[in-house]
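Let us walk through this structure together, one step at a time. Keep the sequence and the 3D view at hand as you read.

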Amino acid sequence: MNLRYATVALYTLTRREVLRFARIWIQTMLPPAVTTVLYFVIFGKLIGSQIGPIDGHSYIEYIIPGLILMSVITNAYANVVASFYSSKFHGNIEEMLISPMPAYIILAGFIIGGVLRGLLVGGVVFGVSLFFGHLPYPDIGLTLLMLLMTAALFSMAGLINGVYAKSFDGISIIPTFVLTPLTYLGGIFYSLEMLPDFWRGVSLLNPIFYMINVFREGALGSSDIGAGLAIGITALFLAAFTAVCLYLLDRGVGIRT
Amino acid sequence: MTTALEISQLHKVYANGHVALKGIDLHVEHGDFFALLGPNGAGKSTTIGIVTSLINKTGGSISVYGHDIHRNPSQAKTHIGLVPQEYSFNQFEPVEEILINQAGYYGVPPREAKRRAREHLTQLGLWEKRANQARNLSGGMKRRLMMARALLHRPKLLILDEPTAGVDIEIRRMIWEFLTDLNRSGTTIILTTHYLEEAEKLCRNIAIIDDGQIIADSPMRSLLERLESESFTLYLREPLAEAPKLRSAQLRSIDSRTLELVTDKHTDLGEVFSELQAHNIKLLSLRNTSNRLEELFLKMVSPEQDINPS
């Protein structure tokens, strides 16, 4: 496996992934922008005006980082799960399986596709957020690091879902019943200090809570937990998910007979 | 002579316990045009699936141009092109895009991939359709698209799983010519088909698989020599009320001006014609109607069936 081959194969797969979501931009890029405008208007302006400042920031400013990261999470996940499952459904996963591409290039191609869509939609939401509030971004490096780690992690989660999905229902069950509750209960709309003890404990078991808090620390300079711990936990999840994805692709689980 | 494909003691047992392959051996030389035939469920597609890494084997070994597909998958895969039985492309992608992507998976850079896509789409009569979504192509066009896709990386071994299923006669002949030219230019071809005429016309060597086992593996000519009879349709100049009994062959009336003649393969046809003349039967024309491979195939996979109608 030489570098030139790996570069061409990875470029091809990435380009295919980007063209896929760009071709259907009305389904992939537009809805998050519309939904986020609604969040900003309803939760930020209408309800948020009734809520006092949190950690010295207005409520709308407090929820902006969480909403950006939520759009990154859902879009990175949705991109990979939809693309991988539709490749299985149409049969064109065979194009990759019969080719000399090793599992790590196939994984990298899907992940880059998911990350790019996550970042693009995150960028759209960030653009919309500028109409509602301006964040200081005291640690832009931390913000970008968490953005990339989160997008990569949820792209891999989408791939695992895609591997096991046997129908289009199978690709919507996890986002609906697992991902959405975890995201909403991940501290987008509230600080840990606002919760009773029980729910505070529950929040600490939610990995998305750590990601949102680190992202918020980079964007606002305030967080409920330390950045080092959160980055460590996210990195551990990344390593575990990478190993699982490579194993599944290498063994052909769900794609080879 | 270089070996293109070597299959040794290939076993496959599916998760539901179905034994699809019971230890098959197969040897295909470089440059061959090889037919792999068998009834539905015999194990043809399983064999092809394992060779192309779409199905995991249970046991045995496979090497492609000397590269073991298990120990050295990347090198082995580089040499294989596959035209599968089912459509296996994203129906919503444009035709040219499908080809460029496939080439890229094999390391062909975009510019070269574009050039090759143009070459093959033109050869297969699809260049005008290059910007169309694949779902808008006809069945025959989709088959040709898969053929073009399989050739983008210049494989030494092309495997076609029923490439002419569902295409009209004109396109079938175009595909035959294309494959013949491809084989002449040095590509080894393995073909499975239900059109036995196709296999007989195109292939030099043949293996027949039945119930997960190879039951015949020989040059096409040797296999056909095992056939015991030939049949002809005779078109008569004048109507005939009843077919006479001949000593040298069996004669059966189809209608008043058409007879079916079945002869033993060792029969002297001159003797048959003399007998016909003796019965004052005047021929307008005749046609060999044996689908020789089909008869042999049926005899081998269904031994109880008698291929001689007498």
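This is a predicted model: local features need pLDDT of at least 70, side-chain atom pairs count only at pLDDT 80 or more; totals for chains, interfaces and linings use all residues.

Two strands are said to pair if DSSP finds at least two bridges between them.

Start at strand 1 of chain B, which covers residues 3–13, and look for strand 4 of chain B, residues 59–64: the two are paired in the antiparallel sense over 5 bridges. To see one point of this pairing, find Ser8(B), whose bridge partner in strand 4 of chain B is Ser61(B).

Strand 1 of chain B also has strand 2 of chain B as a partner, and here 8 bridges hold an antiparallel pairing.

Now return to strand 4 of chain B and follow the chain onward. Strand 5 of chain B, residues 67–68, runs antiparallel to strand 4 of chain B and is joined to it by 2 bridges. Within this pairing, Ser63(B) has Asp68(B) in strand 5 of chain B as its bridge partner. Strands 4 and 5 of chain B make a hairpin with 2 residues between them, and in the turn Tyr65(B) has a positive phi of about 45°.

What is the order of the 4 strands in the open sheet of chain B? The order is 2-1-4-5, with antiparallel pairing. At the edges are strand 2 (19–29) and strand 5 of chain B, each of which pairs on one side only. As a general point for reading such a picture, side chains in a regular strand alternate between the two faces of the sheet.

Chain B has other pairings to explore. Strand 3 of chain B (residues 33–37) runs parallel to strand 9 of chain B (residues 205–210), and 4 bridges join them. Here Phe34(B) finds its bridge partner, Asn205(B), in strand 9 of chain B. Strand 9 of chain B pairs with strand 10 of chain B (residues 213–219) as well, in the antiparallel sense and over 6 bridges.

Step back now to view chain B as a whole. Chain B is divided into domain 1, residues 3–224, and domain 2, residues 228–289. How many Å apart do the C-alpha centres of these two domains of chain B lie? They lie 42 Å apart.

Finally, turn to the place where chain A and chain B meet. Here 27 residues of chain A are in contact with 33 residues of chain B. The size of an interface is often given as the accessible area lost when the parts come together. Chains A and B bury about 2600 Å² between them, and 53% of this is on carbon and sulfur atoms.

Between chain A and chain B there are 2 salt bridges. One of the places to look is Arg15(A), whose side chain meets that of Glu97(B) in a salt bridge at 2.8 Å, N to O. Across the same interface of chain A and chain B, 7 residue pairs are in polar contact. On the side of chain A that touches chain B, the elements giving two or more residues are helix 1 (3–23) and helix 5 (93–97) of chain A. Helix 1 of chain A gives the most to that side, with 11 residues. The residues on this side of chain A divide into 13 nonpolar, 6 polar and 8 charged.

Technical notes:
Residues are numbered from 1 along each chain as its sequence is written. Chains are lettered from A and ligands numbered from 1 in the order in which they are written. Side-chain values use heavy atoms; hydrogens and water are left out. Contact means heavy atoms within 4.5 Å. Buried area is the accessible area (1.4 Å probe) that two parts lose on being put together, summed over both. A salt bridge is a side-chain nitrogen of Lys or Arg within 4 Å of a carboxyl oxygen of Asp or Glu. A polar contact is a pair of N or O atoms within 3.5 Å; within protein, one must be able to donate a hydrogen and the other to accept it, and residues adjacent in sequence count only if both atoms are side-chain atoms. Ala, Val, Leu, Ile, Met, Phe, Trp, Tyr, Cys and Pro count as nonpolar, Asp, Glu, Lys and Arg as charged, and the others, Gly among them, as polar. Domain bounds come from an automatic or database domain assignment.
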